[in-house]
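I opened my notebook to look up a few things in this model. Here is what I went through, entry by entry.

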Amino acid sequence: MQIWTFTTIVWLGSFAAGLLGSLTGLGGGVVIVPLLALFLHVDIRYAIGASLVSVIATSSGAAAAYVREGYSNIRIGMFLEIATTFGALAGAYLATRVATSWIAVIFGMVLLYSAYLSSRQRTGDVVDQSRDKLATALRLNGSFPGTNGPQSYNVHNVPTGFSLMFAAGTLSGLLGIGSGAVKVLAMDQAMRIPFKVSTTTSNFMIGVTAAASAGVYLSRGYIHPALAMPVMLGVLAGSMLGAKVLVRARVKVLRWVFAGVIVVLGFEMIFNGLSGRL
């Protein structure tokens, strides 16, 4: 395959991944890595390196808008970044030590779990008004724009959320994804932070987490500009278009379609990992 043909296919695949990832909230990394590893036969470590660069680009673009609108809680994000950054460094180190076949198997399992989260029905924002001593001492409680003006909320279970964030960072460094599904799960379910604040704060965090692990991949030579550039530009363009059409799109249908796609990719990754093809 000629280089320009390969670059065009990578860009188109990355564009589609960024578009679907933006509409479903899972990000493009969950599609980019299987696409490169399974269908274009790129070494999975180089695929992960390229995916991390795209995660940094898309997070930087979207995070600024959410911070400006007042949804993201910067204090919570910076506090939890301590856990995700150490986790990302640990995951990136493990990626250089663990066999690629096992990385593929773990990636496939994460895809199946992400498909479950994507297809699950979301509930509205339920605000718990009771106060947690540790969260209050750390001044993590905040407010976000509601339908009737600013709506305050309180944060709970800080140690549990902090531990889950370390796991999210490890998966991000090991697999080259933003781990947004795990981050949102930690904040929404464990720390009882409103869903809108959880998703926007997660978007703010995934770029920093990816930057930490990308440094390790770069030092090991697993980030190739000829691969990372079309992936980054494709995912960025797709995610920007996804943000614009999100208002009019039938997101429920898209969630089921996207869940079906990543279920197939998940089983494909597990099969190829167990059979030693990756």
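Before placing anything in a helix, I noted that helices here are DSSP runs of H or I, at least four residues long, numbered from the N terminus. I also noted that this is a predicted model.

**Entry: W11.** I looked up its place first, and W11 sits in helix α1. Is W11 buried, exposed or partly exposed? Its relative accessible area is 32%, so W11 counts as partly exposed, since that class lies between under 20% for buried and over 50% for exposed.

**Entry: the surface patch.** W11, L12, M229 and L233 make a nonpolar patch of about 370 Å². Two elements, α1 (3-24) and α10 (225-245), each give two or more residues to this patch.

**Entry: the cores.** Then I turned to the inside. The largest nonpolar core holds 46 residues, and L36, I44, Y217, L227 and V231 have the most contacts inside it. I found a second, separate core of 18 residues, with I76, L80, I193 and F204 among them. I went back to L227 and asked which residues it touches beyond its neighbours within four places in sequence. L227 is in contact with F6, V10, L36, V42, Y46, A47 and A50.

**Entry: the record.** The unreviewed UniProt entry lists transmembrane regions, including residues 162-185 and 222-241. I checked both spans in the model. Residues 222-241 are 85% helix and 0% strand, with end C-alpha atoms 29 Å apart. Residues 162-185 are 83% helix and 0% strand, and their end C-alpha atoms are 12 Å apart.

How values were computed:
Residues numbered from 1 in each chain as written. Predicted model: local features only at pLDDT ≥ 70, side-chain atom pairs only at ≥ 80, totals over all residues. Heavy atoms only, no water. UniProt positions renumbered as here; feature names shortened; annotations may be inferred. Patch = residues over 30% accessible without salt bridge, like charges linked within 9 Å, V, L, I, M, F, W, Y side chains within 5 Å. Areas by Shrake-Rupley, 256 points an atom, 1.4 Å probe, with all protein chains shown as cover. Salt bridge = Lys/Arg side-chain N within 4 Å of Asp/Glu carboxyl O. Buried < 20%, exposed > 50% of the residue type's maximum accessible area, 1.4 Å probe, protein only. Core = buried A, V, L, I, M, F, W, Y, C linked by side-chain atoms within 4.5 Å. Contact = heavy atoms within 4.5 Å.
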